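Here are my notes on this one, written as numbered points. Have the structure open while you read them.

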Amino acid sequence: MEELPVPHNIKISNITCDSFKISWDMDSKSKDRITHYFIDLNKKENKNSNKFKHKDVPTKLVAKAVPLPMTVRGHWFLSPRTEYTVAVQTASKQVDGDYVVSEWSEIIEFCTADYSKVHLTQLLEKAEVIAGRMLKLSVFYRNQHKEYFDYMREHHGNAMQPSVKDNSGSHGSPISGKLEGIFFSCNTEFNTGKPPQDSPYGRYRFEIAAEKLFNPNTNLYFGDFYCMYTAYHYVILVIAPLGSPGDEFCKQRLPQLNIKDNKFLTCNEEDGVMVYHHAQDVILEVIYTDPVDLSLGTVAEITGHQLMSLSTANAKKDPSCKTCNISVGR
């Protein structure tokens, strides 16, 4: 009996965060004997991974021979933005139920995609459920060390500069490691209506009137929803001046919110004055995508504590939380 053809020239296409299409070439000899394909998919080994940690079990998909390209979706719990290796062999099911198989193809590598707008909209809807009632706010604020503000004054013409967002939050977030912006907070204390005196990010705080960053000349986008093995949750929002590079980046990737009517952060005009509200039951992390001149606000030392344990810098999302995860990879 002739050997089954070995797949070669494997191509991966139509990659999403939880699916892909696969095709390959093979010799026509014995092609009509092929009844199934075996596909072996594994997460690519991280050279820095803990050698004693449990490794993912190699997963072999047995699929009926269908016309190529074949869509692989739902067979594995694929994670977004993750590198995988894949190899293929052809198989012929025998009368006794066993398989005759070809040699394995070459191993190729690919990386799954970020969350799409569809997935982010699912996260957005989950975040809306727990956002809570709206409280008034009047300022955005950013805590840093004194050296940070000194550096911006001396080297950047007194303006804080956007920097690339870290990898905190959902693993599939399309803004992590890509969007440039300046991180601000806006949550207030329930009893005072003012920003809390404590901060994880440094003893010096820049405060700026809300209307100078968030107004009808800006767009608002939903960026992420996550927690860090804690009872409270974080929502990342992006404020981008209309037509700016940040606005164009977000328009393609993130769900846009109505600045006057959403569950997280609103801006409305009442009696000729801009009035702002934020959600009470989530911690908002606001990214502003343009430089901000320090002369537009004030810098002062906080009277509270620097609570380093509450920092979300590169924080990993809790993959088991039912409140803030959706039914695709983490």
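**Notes on the model**

1. Let's begin with a loop. Asn 158 sits in the loop between α2 (146-155) and β11 (159-160); helices (H or I, at least four residues) and strands (E, at least two) are DSSP runs, numbered from the N terminus. The phi of Asn 158 is near 75°, a positive value in a residue other than glycine. Asn 158 counts as partly exposed because its relative accessibility is 23% (buried is under 20% relative accessible area, exposed over 50%, partly exposed in between, with a 1.4 Å probe and protein chains only).

2. A word on where this comes from. This is a predicted model, in which local features need pLDDT of at least 70 and side-chain atom pairs count only at pLDDT 80 or more, while totals for chains, interfaces and linings use all residues. Residues are numbered from 1 along each chain as its sequence is written, and side-chain values use heavy atoms, with hydrogens and water left out.

3. Asp 271 also has a positive phi, near 55°, in a residue other than glycine. You'll find Asp 271 in the loop between β18 (265-270) and β19 (273-279). Is Asp 271 buried or exposed? With a relative accessible area of 82%, Asp 271 is exposed.

4. Now look at the open sheet of 3 strands, in the order β1-β2-β5 with antiparallel pairing (two strands pair if DSSP finds at least two bridges between them). Its edge strands are β1 (8-13) and β5 (70-73), each pairing on one side only. Strand β2 (residues 19-25) is joined to β5 by 4 bridges, and Ile 22 stands opposite Met 70 in β5.

5. Pro 69 is found in the loop between β4 (59-64) and β5.

6. Next, the charges. Side chains of opposite charge can pair when their charged atoms come close. The count comes to 10 salt bridges (a side-chain nitrogen of Lys or Arg within 4 Å of a carboxyl oxygen of Asp or Glu). In one of them, Glu 83 meets Lys 44, with the closest N and O atoms 3.8 Å apart. This pair links distant parts of the chain, 39 residues apart: Glu 83 is in strand β6 (residues 83-93) and Lys 44 in the loop between β3 (36-43) and β4. A network of salt bridges links Lys 44, Glu 83 and Glu 109.

7. Asp 114 is buried, at 17% relative accessible area. The side chains of Arg 81 and Asp 114 form a salt bridge (2.7 Å, N to O). Arg 81 lies in the loop between β5 and β6 and Asp 114 in the loop between β8 (108-111) and α1 (117-130), so the pair ties together parts 33 residues apart in sequence. Lys 178 forms a salt bridge with Asp 114 as well, the closest N and O atoms being 2.8 Å apart.

8. Which side chain of opposite charge is nearest to Asp 224? The answer is Lys 317, 4.7 Å away; Asp 224 is buried yet has no salt bridge (Lys and Arg count as positive and Asp and Glu as negative; His and the chain ends are not counted).
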